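The following paragraphs lead through a protein model, from the packing of its helices to its strands and then to individual residues. Please keep the sequence and the structure in view while reading.

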Amino acid sequence: TLDGKNFLGRGRVELLQRIRETGSISKAAKAMKMSYKAAWDAVDAMNAAWQSPLVDSGPGGSRLTEDAERLIAAFQEAEARHAAFMVELGNNLPSRAT
């Protein structure tokens, strides 16, 4: 969350990645089996919440900004650290007697 509003999560990161791959919010939405309106609303919310747009759209399609690329990388790094932490936590739990 950012300022108490949904900002970025797995679904939105995937949406950004699909926009990067397809160059289109519409095609990204289709690939994720979501409506164009839901995808556009998510992009609009992210753009409004961040200090600058994360997705630039125009007649030629859509592209991610450098901020979006940095946010995707930071999110992926945080998820990798979380996964490693969970493995470590599991390895350090006391064994249960059977």
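A crossing is called left-handed if the near helix is turned anticlockwise from the far one by less than a right angle, and right-handed if clockwise. Helices (H or I, at least four residues) and strands (E, at least two) are DSSP runs, numbered from the N terminus. The model is predicted: local features need pLDDT of at least 70, side-chain atom pairs count only at pLDDT 80 or more, and totals for chains, interfaces and linings use all residues. Residues are numbered from 1 along each chain as its sequence is written, and side-chain values use heavy atoms, with hydrogens and water left out.

Consider the helix packing to begin with. Helix H1 (residues 10–22) passes helix H4 (residues 66–92) in a left-handed crossing. The two pack at an angle of about 135 degrees, and their axes are 11 Å apart. Here axes are lines fitted to C-alpha atoms, for helices over the stretch in contact, and angles run from 0 to 180 degrees between N-to-C directions. Angles under 35 degrees count as roughly parallel, over 145 as roughly antiparallel, 65 to 115 as roughly perpendicular and the rest as oblique. H1 and H4 are therefore oblique to each other. On the H1 side, the contact (heavy atoms within 4.5 Å) is made by Arg10, Val13, Leu16, Gln17 and Arg20; on the H4 side it is made by Glu69, Ile72, Phe75, Gln76 and Glu79. These residues divide into four nonpolar, two polar and four charged, where Ala, Val, Leu, Ile, Met, Phe, Trp, Tyr, Cys and Pro count as nonpolar, Asp, Glu, Lys and Arg as charged, and the others, Gly among them, as polar.

H1 also packs against H3. Their axes come within 11 Å and cross at roughly 100 degrees, and the two helices are therefore roughly perpendicular to each other. Arg12, Leu15, Leu16 and Ile19 of H1 meet Ala39, Ala42, Val43, Ala45 and Met46 of H3. The residues of this contact comprise eight nonpolar, no polar and one charged.

Glu14 has its place in H1 and counts as partly exposed, at 30% relative accessibility; buried means under 20% relative accessible area, exposed over 50%, and partly exposed in between (1.4 Å probe, protein chains only). Glu14 and Ile72 are 58 residues apart in sequence and 8.9 Å apart in space, C-alpha to C-alpha. Leu8 is found in the segment before H1 and is partly exposed, at 22% relative accessibility. Leaving aside neighbours within four places in sequence, Leu8 is in contact with Val13, Leu16, Met46, Leu71 and Phe75.

The strands come next. S1 and S2 run antiparallel and are joined by four bridges; two strands pair if DSSP finds at least two bridges between them. A hairpin of two residues links S1 to S2. Asp56 stands opposite Arg63 in S2, and the bridge partner of Gly58 in S2 is Gly61. In a regular strand the side chains alternate between the two faces of the sheet.

How accessible is Leu54, buried or exposed? At 0% relative accessibility, Leu54 counts as buried. This residue is found in the loop between helix H3 (36–49) and strand S1 (55–58). Not counting residues up to four places away in sequence, Leu54 touches Phe7, Met46, Asn47, Arg63, Leu64, Thr65, Asp67, Ala68 and Leu71. The C-alpha atoms of Leu54 and Arg70, 16 residues apart along the chain, are separated by 9.9 Å.

Finally, two backbone positions deserve a look. Asp3, in the segment before H1, has a positive phi of about 55 degrees although it is not a glycine. Its relative accessible area is 74%, so Asp3 is exposed. Lys33, in the loop between helix H2 (25–31) and H3, likewise has a positive phi of about 55 degrees without being a glycine. With 76% relative accessibility, Lys33 counts as exposed.
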